[in-house]
Amino acid sequence: MPRQSYTDASTRTGISCKRLFTTMVPSVSGKRRRIVARTIAVAFAVLTSCPSAFALNPTLEVSQYAHSAWTVADGFTKGAIYAIAQTPDGYLWLGTEFGLLRFDGVRTTLWPSDRVFPSSQIRTLLTGRDGTLWVGTSKGLASWKDGRLTVYAELAGHIVTRMIQDRDGAVWVVGTTPPTGKLCAIRNGGVRCWGEDGRFGARVTEMYEDRKANLWFGEPRGVWRWNQGQPQFYPLRIDRSVQALSEDSDGVLLVLLSGRIYRMMDGQVLEAYRLPDAIGRLTTRFVLRRDRDGGLWIGALGGGLAHIHNGTVDQFSESDGLSGNAVATLFQDREGNIWVGTQAGLDRFRELPVAPFTARQGFSNLRILAVVASTDSSVWVRTADGLNQWKDGRVNVYREFSGLSDSTALPHMSPATRDPADDGGQFESSGGALFEDERGRIWFSATRSVGYLDRGRFTAVRTIPGGRVHSITGNLMGHLWFAHETQGLFHLAGEHAVERISWARLGHTDYADTLAVDPSSDGLWLGFFRGGVEFVKDGQVRASYAEAGGMAPGRVNDLRFGRDGALWAAAEGGVSRLKSGRITTLSSRDGLPCSEAHWTMEDDAGDFWLSMPCGLVRIARTDLDAWTSLADEKLPQSTIPVTVLATADGVRSRGNAGPFSPHVAKARDGRLWFFPLEGLSALDPHRLSFNTPPPPIAIEQISADSRIYLPASEVRLPPLIRNLAIDYTALSFVAPEKVRFRTKLEGHDREWQNVGNRRQAFYTDLGPGRYRFRVTASNNSGVWNEAGASLDFAIAPAYYQTNLFRASIVAALLALLWSVYQLRLRQIAREYNARLDERVSERTRVARELHDTLLQTFHGLLFRFQAATNLLPEGPARQSFESAIDQAAQAITEGRDAVQGLRSSTVTTNDLPAAIGSLGDELSTNETNKSAVAFHVHVEGAPRNLHPIIRDDIYRIAGEAIRNAFRHAQARHIDADIEYHARQLRLLVRDDGQGIDPTVIEGSGRGHWGLPGMRERAELIGGHLEVWSQLGSGTEVRLTIPASRAYATSSGRRFWWSSSKTGTNA
Amino acid sequence: MVVKQDGNERVSASPNPIRILAVDDHPLLRGGIAALIAGQPDMSLVAECSNGREAIHDFRTHRPDVTLMDLQMPEMGGLDAIIAIRGEFPDARIIVLTTYAGDVQALRALQAGARAYLLKSLVHKELLDTIRAVHAGKKTLSPDVSYQLAEHATDDALTKGEIDVLQLIAGGNANKQIADRLSITEDTVKGRVKNILSKLGADDRTHAAMIGLKRGIIEL
C-alpha cells in the first residue's frame, strides 16, 4: 500500500466524515490547546475538525484502545516478528525470524513455501506502490511480484535493515555487513549503491521521506539530506547516534537520539519530547511511526511502547498486556489498525467507539455513582470516595479529610493525591446524586447532609439530610429539589426556605429515584422506584401516569426532557415518551434489543442513545422523528431500526441503572459519559469508528479429497470428488471475528448462503461439471464487498458420467428397441409366410388329391363308359356316346392340366415378367383388334424371388387388368411395369384407351372389369390396389405390395444381425 | 360275342386270350380297365393289384402276357416294379399307363423295359389296340409322348446327383440348404446347378425346376 501522505489523509477522511455524520463538532476550544505542545497542536486541530473513519483518536492513551495480542508462546509464530507489510490484495505479511508469513487476521500461512529467500530470517518488508513485496533478509534482498522472485546481487550477504520507497518510486535499501554498510537505490530494476568509499551511505541507520519529499538518512553523527541527487550532511552537535527519524505535525524532521526526540530545523536540533526513563534510558534501538491521526508511536527494543498524543506521553508494555517489550516494528494498515511486532508476538491496537477511563487516567475510585457535565466543559464524577473533576484530560480529586460534620464549619476540601487506594474511609458511598445548578455549583449528597462545591470549596446545607439522596435537580430561578429515599422530597428555595413533602403525601409508599424540572413551568416530574411518573406543582400532585395509562412498567430509572419538549422516561419495562398528556412506549416489541432502559440521551446531532443491559442502543434522529410523529398522531408503529454497540465496541453493560442520578452526562464537546460497574466510559458520537473500506476477499485454496489446488483461472479437478473444501478469507483486520461471509456455489446453490464468519466452504459429492464459487464479505461495520471474489473450477466426469457414455447407452437402448421391432417384424413375416406355406401345401394336397382320386375315378368311369359304348351297335346313339366320351376325356385332360398348374405354381417363383409378357402376347394375337395394340412389359430394379402364392395372385390381378385393357379399353398401347423396390413391389398396368367410368372405379357401379375381385385379391396378399382412370385418357392400375409381404424370404435371406444371433432368435 | 374287329384278330381270340395283369392303386380305374377288357373276347384280365410289390408277386403267379402298369403308386412305384419284373422275366410285356406326358419319365420307363407308354386320357380309345400290338411284340407310344421324346432325344440326361439337386431346387431350397441336405459342398451344388441349367436349357433355377417337373425328371 502506498504510504499515505498527510494531505491525502485529511482529504479522504473529510469525505468519509461528511458521509457518515450529518453534523460536525465545533472545533475544540483554544483553552485545551494551551497545555499541548505547540507543534502537536496544529496537527490535532486539523485532525479533530474532521474525524476520520480510520481514526485513532489522538486524545486517547494506548491503553484506551482495543488491544489484541498473538504471542509466540501461544504458537502464533515460531519466533520474533521483525517486519510487517500489507500488499494491495489486503494480506498482512509478517517477516519473522523463521520466514515470511501471510496473515489474514485469523490464520497464518508460511509463504511462499516453495521459494527460497536469501535467508529465512526476514528483517524488513516493504510493499511498493506497484504491488511488489520487497523482502529484506539477514543475507540479502529479494523482491516478489506476480509469482516471480528476484534476488539482488548487490546486497548479497548484507543484513537489510531499512527500506523505503520515495515519491519517485525508487526503493532505498540499507544493507550492513558490520562494521560497514551500503545504501542502494533501486529504480526500474537498475541498482545504484553508495558507501563503498566510506562516505555517504556507509553508516546509514535510518531513512525517512518527509511530506515535502525530502529524503533523510540518519547516521551516528548526523543526518544526510538527499538534495537533487546530491547528498548534504547536517552534523548533530549532540554526541548521540540517530536512532529513528520521523516528522512532526508541522513537517519538521524529528530525530530520536537516545530516548529524546528532537526537532531539527536549519541544521539546529531542539528537544521536543522526552521519553519515560523506562523506555529511553535502557534502550538503544527504536522504531518510530506517526499514525494517520497524528499520534506518534515509539517502539523500543526492550522498553515496550511509548505514545505521544496531544502533547503527552503514555506507555504500554508487557505488564499492560503487550506481547513483549522487545518491540521490533510498527505498522499501520489500510483500516487504521496499529500493528506492533515484538520478539514475542504481534499486537494490534484500534480505537473503540466507547473508550474506557480508569485509574490510569487518574480517577480516584472505579466505583462510580453519578456523573454530571459542567458548563465549564469539565465532567464531574461522583466516585465512591469523593468527587473527581475531569477537565482537559486531567483529573482533580476532591476527597473529604475532616468529614462532613453537622457543624456549621465549612469542611476542609482539597484536591487529593492521585492514589486510588486511599479512599479516606469517611466519604460514604451511601449518597450519590449530583447536580450543577445555574450558578455552576456542584451539589451532592454526603453522609449527614447535602452540600455543594463552589470553586473548590464545600458548603453544607444542613437543613436537608444527607445519605441516600437519589436525585437532585433545580431550575433557573434557584429552586432545588432533593429526592431522599426515606425522608421524602425536599424543596429548597433560596438559602434556607425548605419545604418537605413526604412520599406518603404524594400517595406513595416507595420513593422517587429520579427528578426532572419541567422546562415550561415551575413544576417537577418524579419517577418512582416501583414505577409511575407524577407531576407535582406547588406541593400537589397535578398529574399521574402509571402502567395502566401506557407507561413502561417497573422502576423509573431516568427522566429527561428532549429538545422537542417531550419527557422521556427510561424504565425497567421500556422507554416512554410523554407529550401533551399522551404516552407512547418503546420496548422490545418495537424493535429494541431488550426492554429495560437505564437512561436516554440525545447527542449533538440529535441521534438518540439508550443504555440497556444488552448494550448501547443508537436510534438515528430521522428514525426517531418518524416514530414520534406517528406516536403524536397515535398511528400504528412498525419496528424501529436500531444500532447496538456491545462488548466488541467497548461497551461494558450493567444489569441495572444504579441508584443515583444522573446516569449519563453529555459534555460540552459532545461526548457522552456514563459508567459501567467499574470505571467510566466515554462515547464520542462523532467518532464512531465506522470502517468504510469494504474488505478485500481472497480465495486461498481448494482442497479436493486431501489434495490441494491453488486458485487459477479454472481449476480442473479429477472425477469423483467426495470432499471438497474451499478456503477463503476477507482481509479486514479491525475485528476479524465480526467479518461475515456469504457464499454461493453456482451450479449447486440457488441462493446465497449466510455462513457467518466461517472461512471454509465444504461440499460433498459434487457431480461432474463446471462450478463457480463466489464469496462476499462484510467488515465489522457491516460494509459489504459486493463484488466479492469468485473461483471457477470443473470436476471431470468419470467415464460413466460422460455424455458420450450416456449417448452410447441411449444408442444401445435404441438399438435394442430396433432389434425388438425387427424381431417382431420377422415374427409377423414368418407367421405370414407360414400361412402362405399352409396355402401352398393345401394346394399341393388338393392337387394330389384331385390327381390321385378324382382324375383316376373319372378315368375309370370313362373306361367303363367306353366299354359300354363298345357294346353299342354303330349308329347315332353310339356316335353320340363316343362324342360325349371324347369331351369328357378332354375335360379330364383340362382338369389334369389344371392340377399340374396348381402343382407347378408352387415352384415357378420368378417368372412374373415372362408370364405377363406371354399373357400379353397371347392376348394381342387372339383379340380382334390385334392390329392396333402394342404391348410392352418393363422391369425396374433387380427381380426378386416372389412367394409362389403372391406371384400367382399378382399374376392374376395383372392378367385381369391386361385383359380389361385388351378387351374394353380400345387402347393403342398397353404397358405393364413391374418395379422391384427395396420397400415394396409395384405393378402398373396402363393403357391409353377410353378409360373407365368413375362410378365403376369407386365400386358403386357394377361392370365386367372385375375390379372388386382384384381389390379383394390385393388385400388378401397385404397389398393395395389403386385404379386411376379418366374417360378418354386411359386407365392406370397400380398394385403395391410391401416388401415384407411380397418377397420370398425362405431362400435363406436374413437380416444382417440375425445371422450371428440365430441361436438366440430361433 | 360280336366284336367289330379285324378278322385276323377275331380268329385268334377265344382259345388263347391275351392274359392281362392290371396294376393301379386306384380301384375305380382298375374297374374301368376291367370293363374295357371284359368286352374283348381275346383278352382276359387274370389279376389286378394296387402297387409294385403286389405286381411282382402277381406276375410270378400268373405270368400274364401283358401287364398294365401305373407309375405312381404307394409302397413301390411302377418303374421299380418294371425293372424288377424285367429282371426276372426278360420277356415280360409291360404297358405303362400314366396321367402325364413327361419325356424323361417315359424314357425311363422305356429304358426299364416297358413296351408301350400310354396316357390315361387316351386309354379309352387306344388301350385295346395297344394291348394287342404289344402282345404281338410291337412297341407303341402315344403321339404326345413320342413328340416330347423326340424333342429331348439329343439332350444330355441329368445325372442322379443333378436330379437330386433339381428336386431340392423345386422344393424352394437355397444352395446352402441343398448342400446341407445332400452332405456335399456348396461349390458342388453350384456346379450341379450350372450343369442342370445347361442340360435343360433353363434360364434360371426356377425355370429348371419347372422344366424338371414338366418333363417328369422330378416329382413333387
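First, the ground rules. This is a predicted model, in which local features need pLDDT of at least 70 and side-chain atom pairs count only at pLDDT 80 or more, while totals for chains, interfaces and linings use all residues. Residues are numbered from 1 along each chain as its sequence is written, chains are lettered from A and ligands numbered from 1 in the order in which they are written, and side-chain values use heavy atoms, with hydrogens and water left out.

I start with the disulfides. A disulfide here is a pair of cysteine sulfur atoms within 2.5 Å, and by that rule there are two over all chains. One of them links Cys184(A) and Cys193(A), with 2.0 Å from S to S. Its S-S torsion is about 100°, so this disulfide is right-handed. For accessibility, buried means under 20% relative accessible area, exposed means over 50%, and partly exposed is in between, with a 1.4 Å probe and protein chains only. Cys184(A) is buried at 0%, whereas Cys193(A) is partly exposed at 25%.

Cys594(A) and Cys614(A) are also bonded, with their sulfur atoms 2.0 Å apart. Here the torsion about the S-S bond is about -85°, so the disulfide is left-handed. Cys594(A) lies in the loop between strands S50 (582–586) and S51 (599–602) of chain A, and Cys614(A) in the loop between strands S52 (608–612) and S53 (615–619) of chain A, so the pair ties together parts that are 20 residues apart in sequence. Strands are DSSP runs of E, at least two residues, numbered from the N terminus. Cys594(A) counts as buried at 17%, and Cys614(A) is partly exposed at 30%. With the bonded cysteines of chain A numbered in sequence order, the pairing reads 1-2, 3-4.

Next, a sheet. Two strands pair if DSSP finds at least two bridges between them. In chain A, four strands make an open sheet in the order S18-S19-S20-S21, with antiparallel pairing. S18 (242–247) and S21 (268–274) of chain A are the edge strands, each pairing on one side only. Between S18(A) and S19 (residues 253–257) of chain A there are five bridges. Within this pairing, Ser246(A) is opposite Leu254(A) of S19(A).

Now the aromatic rings. Rings of Phe, Tyr and Trp (its six-membered ring) pair if their centres lie within 6.5 Å; planes under 30 degrees apart are stacked, over 60 edge-to-face, and the rest tilted. The count is 45 aromatic pairs over all chains. One is Trp194(A) with Trp226(A), edge-to-face at 5.2 Å centre to centre and 75° between the planes. Trp194(A) lies in strand S13 (residues 190–194) and Trp226(A) in strand S16 (residues 222–227), both of chain A, so the pair ties together parts 32 residues apart in sequence. Trp194(A) is buried at 13%, and Trp226(A) is buried at 16%. Both tryptophans belong to one aromatic cluster, whose members include Trp172(A), Phe200(A) and Phe233(A).

Last, charges over rings. The criterion is NZ of Lys or CZ of Arg within 6 Å of the ring centre and within 35 degrees of the ring normal. Arg102(A) lies over the face of Tyr91(A), 4.2 Å from the ring centre. Arg123(A) has its charged end over the ring of Tyr82(A), 4.9 Å from the centre.
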